[in-house]
Amino acid sequence: MSFFQKLFQHVTDDKGFKGTTVETGYFGTVKADPNFNAQNDAEKLKKAIETKGVDEAAIIEVIAKRSNAQRQQIKAAYQQSAGKSLADELKKALKSHLEDVVLALLMTPPEYDAFEMRKAMKGLGTKENVLSEILGTRTNKEITAMKISFKEVYRETLEEDIKHDVSGNLETVLLSLCKATRNEDRKIDDGLAKSDAKALFEAGKNRIGTVCSVLIDILTSRSEAQLCKIFQYYGQFSKDGLAKDLQSELSGHFEDCMMTLVKAAWNKPAYFAEKLQHAMKGFGTNDDTLIRIIVSRSEIDLLKIMQEYKRMYGKTLQEAVQNETKGDYQKILLVLCGSQ
């Protein structure tokens, strides 16, 4: 049984899936270089690119050990001194997954989210799980910034693309999240939590057919703190808990999206830890997911994700990365994960 199947059965059991607590501080693994000099870094990269055979180690040393804000300054310095786009030059110099990671790190967070959303909707088939992951875990500010970047880069709105590629209840919930109007207050309304818990139960488990509009409204509008209180009160109406009830009542990509909202609200780092485990277990590695999570969370909560990964799976994320990847691709991921 996975940790998320135990959701809310043992709310504070250390061996199960625990709710997250509010902490202050920096929980990223990538920090700004205190001795940063954009021009010097641009020169180092130029030399590494022009070296016969390309000096991948030097590129990793600069790109993975600078903050995103510092990388933006390096890009500007490189453009000014070399007269060329750093991203374009690295794209020509590198290959495979190392190239993917480096180019992802060169984008601003909103640009990278927009890039991943676009990639999930273009080409053969739509990767609905990626859409749910990004929209279901970002703050209102992050979603707003992503939408602006999406429009600037792709000349159409994110909502237009979603409407074109997704339909039904999943379209409804994704468009609702796109509004970026979710309550983010840490204060809890106890009375509302009780009434919402009852409404969720009556919309699903306690009747024939599930009233999806009720689920969507509550899960996309209430704050994460409020949702956690709702999930706890839900246990007074259902012995199975909300997670199990949703899994039995819903199906397909809509179920995946709803479960993303539930898991992310209860413990976001554990949600990402589970995603990473799924990306690396079994035959083959889902490198897109591995790269997306490590890069996008490296300056947000990757430290917490690594802590949850160790607790949930009994090994470090670095150990898992070492088992599933190799070469310079492995090296840059390990640098982004920091020291063990």
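**Overall size, a helix pair and a pocket**

With 340 residues, a compact globule would have a radius of gyration near 20 Å, and the 21 Å of the protein agrees with this (taken over C-alpha atoms, the rule being 2.2 Å times the number of residues to the power 0.38). This is a predicted model, in which local features need pLDDT of at least 70 and side-chain atom pairs count only at pLDDT 80 or more, while totals for chains, interfaces and linings use all residues. Residues are numbered from 1 along each chain as its sequence is written, and side-chain values use heavy atoms, with hydrogens and water left out.

**Fold**
- The protein has 19 helices and zero strands (DSSP runs numbered from the N terminus, helices being H or I of at least four residues and strands E of at least two).

**Helices α9 and α10**
- The axes of α9 (residues 158-165) and α10 (residues 168-178) come within 10 Å and cross at roughly 175° (lines fitted to C-alpha atoms over the stretch in contact, with angles from 0 to 180 degrees between N-to-C directions).
- That makes α9 roughly antiparallel to α10, a term used for angles over 145 degrees.
- Leu158, Glu159, Ile162 and Lys163 of α9 meet Glu171, Leu174, Leu175 and Cys178 of α10, with contact meaning heavy atoms within 4.5 Å.

**Second largest pocket**
- The second largest pocket has a volume of about 330 Å³ (on a 1 Å grid over the protein atoms alone, a pocket is an open set of points where a 1.4 Å probe fits, with protein on both sides within 12 Å along at least five of seven lines, and lining residues have an atom within 4 Å of a point; the volume is the space filled by probe spheres set on the points, which are joined across faces, edges and corners).
- Of its 16 lining residues, Asp256, Lys263, Glu274, Lys275 and His278 are the closest to the centre.
- α15 gives the most to this lining, with 10 residues.

Terms used:
Angles under 35 degrees count as roughly parallel, over 145 as roughly antiparallel, 65 to 115 as roughly perpendicular and the rest as oblique.
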